[in-house]
Amino acid sequence: MKTGIIIVDHGSRRDESNRLLERVAEAFAGRFEGRYEVVEPAHMELAEPSIATAYGRCVARGATRVVVCPFFLGPGKHWTQDIPGLTAAAALEHPGTKYHVAQTLGLDDLILDLLDKRASHCVENAYLCEVCRGTSRSGEAGEANAECRMMNAESKAH
């Protein structure tokens, strides 16, 4: 029996965010190719592939068991209701398959290590790294702070 893995995020109107999940799924598939024969990305909403599409792709590739792995930190409504409901509906279209929705990423030493890695990158680059330089994320003076002030003014107006 082949096992399919679906890595699912919320989905975004930003293509860049949706493509990130595709890269996560590709990297996961590459790293664990000996363990999981089939890996597919999915978005809960706002973008394709949906959970139903990804489930169908897993089955088409020979999977009879599917593990849906939420790419979410906490066990909110998406994990407790939305993802299980969407997965159950997808499974109904593929009799003879079984599925399970895995835990969210949650609190884990690996998450703590990743937070440290991100914070250390900021510190080691004197708070002006190539990822954030010139944006409101950097906290540098000038246009970035002006952008932030403008966003705050807009949010207060609403």
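Helices (H or I, at least four residues) and strands (E, at least two) are taken here as DSSP runs, numbered from the N terminus. With that in hand, the protein reads along its sequence as β-α-β-α-β-α-β-α-α, which comes to five helices and four strands. The structure is a predicted model, in which local features need pLDDT of at least 70 and side-chain atom pairs count only at pLDDT 80 or more, while totals for chains, interfaces and linings use all residues. Residues are numbered from 1 along each chain as its sequence is written, and side-chain values use heavy atoms, with hydrogens and water left out.

Strands of a sheet pair through backbone hydrogen bonds, either parallel or antiparallel. Here two strands pair if DSSP finds at least two bridges between them. The four strands form an open sheet in the order β2-β1-β3-β4, and the pairing is parallel. Strands β2 (38-43) and β4 (98-101) stand at the edges with a single partner strand each, so one side of each has no neighbour in the sheet. On average, neighbouring strands of this sheet are turned by 20° against each other, direction ignored.

Strand β1 (residues 2-9) is joined to β2 by six bridges. Two of the pairs can be picked out in the structure: I7 has P41 of β2 as its bridge partner, and D9 has H43 of β2. Towards β3, seven bridges join that strand to β1, again in parallel, and V8 stands opposite P70 in β3. Burial can be described with relative accessible area: buried means under 20%, exposed over 50%, and partly exposed in between (1.4 Å probe, protein chains only). By this scale β1 is mostly covered, with seven of its eight residues buried. In the protein, buried residues make up 30% of the 158 residues.

For directions, axes are lines fitted to C-alpha atoms, for helices over the stretch in contact, and angles run from 0 to 180 degrees between N-to-C directions. Strand β1 has six bridges to β2. Helix α1 (residues 15-31) touches both β1 and β2, and its direction makes about 165° with that of β2. Helix α2 (residues 51-60) touches β1, β2, β3 (63-70) and β4, at about 170° to the direction of β2. Within α1 sits N18, which counts as buried because its relative accessibility is 8%. Leaving aside neighbours within four places in sequence, N18 is in contact with G11, S12, H43 and A47.

What lies inside the fold? A nonpolar core is a set of buried Ala, Val, Leu, Ile, Met, Phe, Trp, Tyr and Cys residues joined through side-chain atoms within 4.5 Å. The largest such core has 17 residues, and those with the most contacts inside it are I6, V8, V68 and I83. The elements giving two or more residues to this core are β1, β2, α2, β3 and α3, and α2 gives the most, with four residues. Apart from this core lies another, of five residues, among them I7, L21, A25 and V39. Beyond four places in sequence, I83 is in contact with V8, M44, I51, V68, P70, F72, H78 and V101.

Helix α3 (residues 77-92) also holds W79. This tryptophan counts as partly exposed because its relative accessibility is 28%. Neighbours within four places aside, the contacts of W79 are P70, P84, V101, A102, Q103 and T104. W79 and V101 are 22 residues apart in sequence, and their C-alpha atoms are 8.1 Å apart in space. Across the protein, among contacts with a separation of 6 or more, 64% are between residues 24 or more positions apart.

C58 is buried, with a relative accessible area of 0%, whereas C69 is partly exposed, at 22%. A disulfide is a pair of cysteine sulfur atoms within 2.5 Å, and by this rule the count comes to zero.

How values were computed:
Contact means heavy atoms within 4.5 Å.
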